[in-house]
Protein chains: 4
Amino acid sequence: MWFTSDNAGPAHPAVLEAVARANEGFTPGYGGEAAMARVTARIREIFEAPEAMVHLVGTGTAANALALACLVRPWETVFCHHEAHVEVDECAAPEFFADGAKLTTLPGAHGRIEPAALSDAISARRGVENVAAGALSLTNATEAGTLYTPGAVRELTGVARAAGLPCHMDGARFANALAALGCSPADLTWRAGIDVLCLGGTKNGCLGVEAVVFFDPARGAEFERRRKRGGHLFSKHRFLAAQMEAYLEGGLWLDLAARANAAARLLAEGLAGIAGARLLHPCEANAVFVALPRARLRAAEAKGARFYLWDPRDTLDGPDEDPVAARFVCDWSKTGAEVAALLAALG
Amino acid sequence: MWFTSDNAGPAHPAVLEAVARANEGFTPGYGGEAAMARVTARIREIFEAPEAMVHLVGTGTAANALALACLVRPWETVFCHHEAHVEVDECAAPEFFADGAKLTTLPGAHGRIEPAALSDAISARRGVENVAAGALSLTNATEAGTLYTPGAVRELTGVARAAGLPCHMDGARFANALAALGCSPADLTWRAGIDVLCLGGTKNGCLGVEAVVFFDPARGAEFERRRKRGGHLFSKHRFLAAQMEAYLEGGLWLDLAARANAAARLLAEGLAGIAGARLLHPCEANAVFVALPRARLRAAEAKGARFYLWDPRDTLDGPDEDPVAARFVCDWSKTGAEVAALLAALG
Amino acid sequence: MWFTSDNAGPAHPAVLEAVARANEGFTPGYGGEAAMARVTARIREIFEAPEAMVHLVGTGTAANALALACLVRPWETVFCHHEAHVEVDECAAPEFFADGAKLTTLPGAHGRIEPAALSDAISARRGVENVAAGALSLTNATEAGTLYTPGAVRELTGVARAAGLPCHMDGARFANALAALGCSPADLTWRAGIDVLCLGGTKNGCLGVEAVVFFDPARGAEFERRRKRGGHLFSKHRFLAAQMEAYLEGGLWLDLAARANAAARLLAEGLAGIAGARLLHPCEANAVFVALPRARLRAAEAKGARFYLWDPRDTLDGPDEDPVAARFVCDWSKTGAEVAALLAALG
Amino acid sequence: MWFTSDNAGPAHPAVLEAVARANEGFTPGYGGEAAMARVTARIREIFEAPEAMVHLVGTGTAANALALACLVRPWETVFCHHEAHVEVDECAAPEFFADGAKLTTLPGAHGRIEPAALSDAISARRGVENVAAGALSLTNATEAGTLYTPGAVRELTGVARAAGLPCHMDGARFANALAALGCSPADLTWRAGIDVLCLGGTKNGCLGVEAVVFFDPARGAEFERRRKRGGHLFSKHRFLAAQMEAYLEGGLWLDLAARANAAARLLAEGLAGIAGARLLHPCEANAVFVALPRARLRAAEAKGARFYLWDPRDTLDGPDEDPVAARFVCDWSKTGAEVAALLAALG
């Protein structure tokens with residue numbers, strides 16, 4: 001009953017098999033292998049973006065930090081939600097890779113930035129003594145397990161682009177968003193104003209690979225140098241390419257995301273039947289945020305359930321009836337039986 | 001009628017004369033001149049801190065950024081008020097000098113951080129993926145022209161120190177705070193938990209000099225290297241030392257600050273008699289923040305008054321009666337006659 | 001006939017199988033998985049270093065840059081050979097991770113720093129205006145395919161340590177050095193004065209994993225934060241741990257290195273029989289540097305041989321008889337038959 | 001008898017008087033004062049460069065580091081002489097301001113880079129794993145007190161520009177070079193291929209001011225932001241502008257440099273008559289590098305002479321007759337009588 005994170009589970013067998021198949025003989029490395037050319041072609045096709053520049057790295061933090069560093073100068077700031085991964089979970093990697101640039105955080109219910117807040121923050125910039133507006137970063141699916149629709153993305157990038165700002169999408173769970181929304185990859189990205197997408201694989205069935213997709217290759221001109229100086233250029237790059245190729249093959253990525261989303265929906269629906277449970281955010285992708293009486297969480301943990309308390313200051317020690325916020329994340333491998341077992345443990 | 005900033009006015013003649021006197025013959029530079037030893041001794045005496053380490057630089061941004069860089073590691077964050085100079089007016093210099101460290105901004109009325117907000121922000125830190133709590137930075141007098149009393153400083157540093165955080169004071173207007181509070185320099189700094197003070201000279205009668213005072217010299221061990229690699233070590237350092245020596249001589253610094261404070265108070269009191277004027281912050285030091293009908297500001301500007309609209313999005317074009325927030329800052333040279341002239345222009 | 005690099009070949013099947021086996025169910029990530037504890041224990045045992053701190057990353061550049069960043073401050077310099085990987089092949093990653101620290105390169109025949117050159121460079125440091133001496137970095141096996149014996153390491157670290165400098169070993173090919181020298185891992189590292197070893201796996205049979213071993217864990221106190229902010233902390237870290245565990249299991253690492261070394265030796269011996277061939281460095285590990293008449297290299301390439309011309313300005317176009325320097329590297333999978341084929345193609 | 005450095009002496013009275021005159025009333029700061037517009041106009045006129053962008057900072061290290069940061073990206077390297085100030089005397093400031101870029105040092109007699117060495121270093125660059133060639137930095141007058149003629153500058157910038165590299169001139173002693181060469185400022189800079197000049201004032205009669213002159217303003221587009229985030233934008237900027245204006249007024253800068261050069265020449269000629277003295281570099285500007293028997297240096301020091309031993313490892317303790325390298329620098333205030341006194345003390 002592991003629901004801590006979608007990166008605590010296994011890789012999909014098809015991905016693993018592709019890695020094994022890639023282990024044949026000698027190849028050029030560093031992205032020069034034939035498989036990488038196929039990955040680029042496939043992503044261009046999927047995104048209807050024949051010019052897109054595609055690079056692979058091993059972690060989501062690397063993907064985001066390198067992508068943002070290509071968008072902003074060190075005296076600029078990236079606008080993001082105050083709960084964004086780049087702000088909260090990357091130990092100042094964006095600031096590091098962007099040589100000291102800032103993040104400016106914006107409020108917004110359910111993990112989503114509101115256009116007015118963005119507009120306000122951009123217009124509040126002053127002169128040379130103030131950092132300049134640099135870029136917009138959206139996370140989709142969000143850290144709250146909610147979604148931006150293509151229209152919502154477009155509205156926000158519209159505000160940013162009117163001020164000349166490029167737009168980044170942290171898509172660590174992009175597949176979950178896409179599977180839930182049912183729109184085309186292009187509609188949720190470049191057609192909605194996104195310049196660079198970090199397309200996650202790790203949380204959705206890969207061992208460790210993320211694609212950075214610059215829809216306008218000029219935006220990514222610095223990426224290769226930045227990746228190398230960041231220590232993120234793999235010599236045996238074929239093993240990254242193999243993962244990504246298998247992940248995209250036959251729509252596997254969307255199938256896996258749909259499974260994860262379905263498990264989360266099942267869980268959210270089941271929680272409706274548990275006394276004292278209150279969903280904190282709509283369950284739109286593969287995560288469920290719920291306030292539950294502490295005693296229920298404690299009991300579930302005793303029965304083997306694994307999850308996070310969302311506020312790092314909360315603990316399972318304390319009054320039984322106090323509501324405590326917990327996060328349950330479903331990965332692609334999560335079954336209905338496991339969800340049922342969790343609900344039983346909580347209920 | 002210049003009220004834009006306390007750095008728009010002249011240096012005090014005594015400071016200028018000291019610079020001229022320092023221009024005699026040959027001396028070692030880089031802080032090795034005899035005058036610097038006297039400056040250090042004088043600051044130690046004033047602050048009752050016989051071990052304090054003292055360095056001089058030419059700008060307040062350099063002072064703050066170098067001081068903070070000595071306190072935090074690149075994966076840590078500095079807690080400061082959301083209107084703090086280090087956040088708003090230094091173009092990411094703290095982030096640059098601290099090699100990518102972050103600032104985390106806190107709300108608080110009238111430019112002052114509230115202890116509960118600080119406590120909350122510190123305790124919300126998570127694990128290795130989150131930036132660590134690094135330091136507290138207070139500005140005194142604040143950006144809103146208000147003060148922290150020794151007790152208020154102590155309360156905030158108490159929260160910080162309980163979490164192991166060192167404490168910085170941006171004292172670009174420290175003299176104004178001290179002159180207004182009437183307490184001892186030690187009471188407002190190290191006795192109240194401050195580890196390093198940036199003691200401003202530029203805004204209060206100098207040409208361009210700020211002292212960085214580490215009350216525990218071990219905290220400042222890196223300062224000299226950081227200053228040199230930041231390009232802030234002056235070869236003809238004697239001209240910085242001469243300014244600071246004259247500034248402190250005979251309490252000149254406090255006299256000048258008291259004059260500036262008195263002018264601001266006069267202005268604040270005068271504004272009480274102007275229809276439609278509303279003070280936005282208590283006037284506790286040398287700045288007055290006031291909302292005035294736009295027509296009054298427009299008229300004053302036409303008569304030669306110089307000041308800033310506080311919100312960069314405001315302009316003097318617009319409905320006459322709308323209240324617009326303006327900042328008026330008094331420097332040491334401001335006379336009662338000038339204040340009266342301004343009031344007349346506004347009234 | 002691929003002899004371009006030891007990272008152009010496949011991973012060893014045992015390593016790949018371990019990765020597959022690791023793909024079972026849910027585990028904590030980020031190094032918290034059980035396998036990582038086993039890797040640490042095994043490395044401590046192998047190196048007779050029960051206190052050693054061990055971390056894994058995905059690339060050699062990340063390992064070196066992160067390790068060096070833990071040893072030096074931004075105003076210090078790392079002494080290294082002028083052909084060192086950290087200087088020539090990492091696109092300023094050490095400078096990036098160490099926040100602007102320098103590398104100072106030293107000459108030395110056959111890829112080895114000479115103690116007198118190191119001593120001279122250290123003693124030439126001046127005052128605060130000069131960067132300070134920061135650390136020593138040795139590569140073993142060297143970029144020239146030669147070795148430092150334990151005695152040679154000791155002599156160099158002795159010079160460094162007398163000046164208070166910590167010592168780093170880039171061991172991307174440490175296994176090759178160890179297999180060739182036949183000494184104990186401890187003798188070639190901490191007993192010879194090394195503080196931190198980057199123990200390569202990628203070039204010697206892994207998919208992509210390097211261990212950073214701090215013999216004094218205090219030296220590595222910053223590593224975890226630096227790794228995370230560098231984007232080098234893998235969520236599904238189990239796949240790194242699995243590789244390293246299999247790599248060390250039963251001495252596989254040394255067996256593979258010995259195979260590679262033997263192939264290189266065979267090649268070097270065979271070259272002795274080829275007219276016009278001249279070894280540029282003694283062949284002591286798994287690489288052969290040889291000057292050959294251009295026509296021979298051209299012919300070999302035409303027959304399918306893959307290798308690097310060592311000087312980026314050389315080409316295979318030009319007078320037939322001119323000697324051109326080429327590098328041939330053997331990985332663990334290289335067979336005698338392949339070496340013979342290469343010799344035939346060249347001869 | 002101070003000959004340690006040209007920054008150990010006083011400012012010229014005319015410069016000091018200009019500072020005093022500037023201390024009148026209120027002005028915009030941050031370079032917005034009227035005097036700065038006059039400085040820009042004057043420098044454009046002197047350099048026959050009507051489009052030049054001019055900025056002022058307080059130290060030579062700031063000028064060089066900020067200028068270079070505008071020319072190179074963090075994965076590029078600056079080619080400079082191995083004794084260049086940017087390499088030896090700035091505590092890694094260029095690396096800091098350029099966010100981790102490198103310097104690649106080149107050999108060359110008498111402080112001058114040789115075109116072949118530059119050409120060789122540029123062409124030795126490899127692929128993405130190597131840092132890219134970024135810029136050329138020349139120092140004129142050099143650290144060895146010698147000069148590059150316009151022709152010599154042109155030859156070196158020709159090599160650089162053929163490879164697409166911009167060219168920087170560290171002109172901390174540019175006035176000394178110009179006064180000695182008798183050519184036009186334009187001939188020694190932009191007409192000879194220089195993109196940005198750091199024009200020193202501090203060593204030649206100012207208190208602390210350097211101009212950074214971008215002949216193509218597009219090259220300097222980032223300068224203002226970089227200066228602010230470096231803490232080098234002075235609020236009371238009028239005092240920098242006043243210095244520079246007085247320094248250039250009526251050719252004062254060249255008069256002062258000519259005086260310093262003449263004193264150095266006198267010294268060099270006088271040394272020819274001292275037994276055991278051997279000039280180490282031709283005396284072409286305002287510094288004399290000479291090897292003298294240690295006893296002579298010791299005796300001079302005892303009589304009050306102040307100078308530097310060039311090798312930081314040398315001391316005045318040791319065998320009397322051993323030749324020891326010393327540097328004597330003449331500033332604008334140095335008189336023939338002082339030079340004669342030094343010669344007497346040495347002779």
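How much area is buried between chain B and chain D, and what part of it do carbon and sulfur atoms give? The area is about 4000 Å², and carbon and sulfur atoms give 62% of it. Buried area here is the accessible area (1.4 Å probe) that two parts lose on being put together, summed over both.

Before going on, a word on the model: it is predicted, so local features need pLDDT of at least 70 and side-chain atom pairs count only at pLDDT 80 or more, while totals for chains, interfaces and linings use all residues. Residues are numbered from 1 along each chain as its sequence is written, chains are lettered from A and ligands numbered from 1 in the order in which they are written, and side-chain values use heavy atoms, with hydrogens and water left out.

## Chain B and chain D

Let us stay with this pair. A rotation of 180°, with 0.0 Å of shift along its axis, places chain B on chain D with an RMSD of 0.0 Å; the superposition is by least squares on the C-alpha atoms of residues with pLDDT of at least 70 in both copies. The two copies are thus related as by a two-fold rotation axis. Within chain B, Gly230(B) has the C-alpha nearest that axis, at 3.6 Å.

Contact (heavy atoms within 4.5 Å) involves 48 residues of chain B and 48 residues of chain D. Because 100% of the interface residues of chain B are also interface residues in chain D, the copies meet through the same surface.

Helices (H or I, at least four residues) and strands (E, at least two) are DSSP runs, numbered from the N terminus. By type, this side of chain B holds 21 nonpolar, 15 polar and 12 charged residues. Ala, Val, Leu, Ile, Met, Phe, Trp, Tyr, Cys and Pro count as nonpolar, Asp, Glu, Lys and Arg as charged, and the others, Gly among them, as polar.

## Chain A and chain C

For this pair, the contact takes 48 residues from chain A and 48 residues from chain C, and the buried area is about 4000 Å². Phe26(A), Phe96(A) and Lys236(A) supply 21% of what chain A buries there, more than any other three residues.

Helix 11 of chain A is mostly covered, with 10 of its 11 residues buried. Buried means under 20% relative accessible area, exposed over 50%, and partly exposed in between (1.4 Å probe, protein chains only). Gly250(A), which follows this helix, has a positive phi near 65°.

In helix 8 (residues 174-181) of chain B, the buried residues are Phe174(B), Ala175(B), Asn176(B), Ala177(B) and Leu178(B). Their packing partners in chain B include strand 5 (167-171), strand 6 (196-200) and helix 12 (252-271). Just after helix 8, Gly182(B) takes a positive phi of about 70°.

## Salt bridges

Over all chains, the structure holds 76 salt bridges. Three of them are listed here.

| Salt bridge | Closest N and O atoms |
|---|---|
| Arg219(A) and Asp195(A) | 4.0 Å |
| Glu48(B) and Arg191(B) | 2.7 Å |
| Arg173(D) and Asp6(D) | 2.7 Å |

Arg173(D) lies in the loop between strand 5 and helix 8 of chain D, and Asp6(D) in the segment before helix 1, 167 residues apart. Both Arg173(D) and Asp6(D) are buried. Salt bridges that share partners also join Arg73(A), Asp99(D), Glu222(D), Arg226(D) and Arg229(D) into one network.

Glu48(B) is partly exposed at 41%, and Arg191(B) is partly exposed at 36%.

Conventions. Salt bridge = Lys/Arg side-chain N within 4 Å of Asp/Glu carboxyl O.
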